[in-house]
Amino acid sequence: MRILVTGGAGFIGSNLLLYLHEKYPDYQLLNIDKLGYASDLSYLDEIKNSNRYTFKKLDIVDREAVRNIIRSYKPEGVFPPCGRVACRQLYQGAGAFYSVECSGDF
């Protein structure tokens, strides 16, 4: 089964990927993340060389790029844990939060 995880370099997404990789050895996992302030690919060090895991640097707000990934990868499941996490940053620029949380996930 091909699984797409958005925001997989964040805390929740990376833990989800590690869990799926361990529990479901038949899953192929694709992680897309723009590598923003809360991303850390080192969370995924234990699976980064797995032939069942692929990482693509991609911002989910880029609809055309997301369409291309979905067309080429043909995921059978999608987990969208991506998002912004810091309240202070929300107050300083709500537009960026809206674009990821509403436009990107939609």
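This is a short tour of the model, stop by stop.

**Ground rules.** The model is predicted: local features need pLDDT of at least 70, side-chain atom pairs count only at pLDDT 80 or more, and totals for chains, interfaces and linings use all residues. Residues are numbered from 1 along each chain as its sequence is written, and side-chain values use heavy atoms, with hydrogens and water left out.

**Whole chain.** Start with a cartoon view. The chain has four helices and four strands. Both are DSSP runs numbered from the N terminus (helices H or I, at least four residues; strands E, at least two). Their order is β-α-β-β-α-β-α-α. Of the 106 residues, 34% are buried. Buried means under 20% relative accessible area, exposed over 50%, partly exposed in between (1.4 Å probe, protein chains only).

**The sheet.** Select the strands. They form an open sheet ordered β3-β2-β1-β4, with parallel pairing. Two strands pair if DSSP finds at least two bridges between them. The twist averages 20° from one strand to the next. Now zoom in on β1 (residues 2-6) and β2 (residues 28-33): five bridges join them. Thr6 stands opposite Ile32 in β2.

**Helices on the sheet.** Select α1, residues 11-23. This helix packs on the sheet and touches β1, β2, β3 and β4, at about 165° to β1. Next, select α2, residues 63-73. Helix α2 lies across β1, β2 and β3, at about 175° to β2. Contact means heavy atoms within 4.5 Å. Axes are lines fitted to C-alpha atoms, for helices over the stretch in contact; angles run from 0 to 180 degrees between N-to-C directions.

**Salt bridges.** Show side chains. Three salt bridges are counted, each a side-chain nitrogen of Lys or Arg within 4 Å of a carboxyl oxygen of Asp or Glu.

- Arg2 and Glu76 meet at 3.7 Å, N to O. The pair links strand β1 to the loop between α2 and β4, 74 residues apart. Arg2 is partly exposed at 30% relative accessibility, and Glu76 is partly exposed at 48%.
- Asp45 and Lys48 meet at 3.8 Å, N to O.
- Arg67 and Glu64 have their closest N and O atoms 3.3 Å apart. They are three residues apart in helix α2, so about one helical turn separates them.

**Last stop.** Select Tyr43, in the loop between β2 and β3. At 36% relative accessibility, Tyr43 is partly exposed.
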